[in-house]
Amino acid sequence: MDDNTAPIIGLEKEVVDPRTDAQPSFHVLAICQIVYPLQSTAATLYSYQSRASKDAGKKHVTLIQVKLPGVPSGAVDQWVYEQVIASASDANILTGATPVREVA
């Protein structure tokens, strides 16, 4: 599978949690709420200290909520990840995150 077409399994971007000063760097979609009448989507991503922490079964250290305009087409998780990366909203601290793709 080509790296650019493999499914996204998470996002990498170091952020600072204002409540705890933790600096998680790996974020995974956990909850997605789609509101069709309003054509909007809300996503909750669990944030881990690192990908290695998540892979080791550690709990997430915080969560990030992102509001997205529009509703998913195709695979919901892939649409959400792509929209979070591309979002120009100042409220989205994950804008510009690096996608982490599944390795075949």
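Where does D21 lie? D21 sits in the loop between strand 1 and strand 2 (26–35). Strands, like helices, are DSSP runs numbered from the N terminus: a strand (E) has at least two residues, and a helix (H or I) at least four.

Before we go on, a word about the model. This is a predicted model, in which local features need pLDDT of at least 70 and side-chain atom pairs count only at pLDDT 80 or more, while totals for chains, interfaces and linings use all residues. Residues are numbered from 1 along each chain as its sequence is written, and side-chain values use heavy atoms, with hydrogens and water left out.

Five strands form an open sheet in the order 4-3-2-1-5, with antiparallel pairing. Strand 4 (62–69) and strand 5 (98–101) each have a single partner strand, so one side of each is left without a neighbour in the sheet. From one strand to the next, the twist averages 35°; for such angles, axes are lines fitted to C-alpha atoms (for helices over the stretch in contact), and the angles run from 0 to 180 degrees between N-to-C directions.

Two strands count as paired if DSSP finds at least two bridges between them. Strand 1 and strand 2 pair in the antiparallel sense over two bridges, and L11 has H27 in strand 2 as its bridge partner. In general, strands of a sheet pair through backbone hydrogen bonds, either parallel or antiparallel.

## Two residues in strands

I8 belongs to strand 1 (residues 8–12). Setting aside residues up to four places away in sequence, I8 touches Q78, Y81, E82, P99, V100 and R101, where contact means heavy atoms within 4.5 Å. I8 and V100 are 92 residues apart along the chain, and their C-alpha atoms are separated by 5.6 Å.

T44 is part of strand 3 (residues 40–48). With residues up to four places away in sequence again left out, T44 touches V28, L29, A30, I31, L63, I64 and Q65.

## Buried or exposed?

Buried means under 20% relative accessible area, exposed means over 50%, and partly exposed lies in between (1.4 Å probe, protein chains only).

| Residue | Relative accessible area | Class |
|---|---|---|
| I8 | 4% | buried |
| T44 | 10% | buried |
| Q39 | 43% | partly exposed |
| D21 | 57% | exposed |

## Two loop residues

D21 has a positive phi of about 65° although D21 is not a glycine. Q39, found in the loop between strand 2 and strand 3, is not a glycine either, yet has a positive phi of about 50°.
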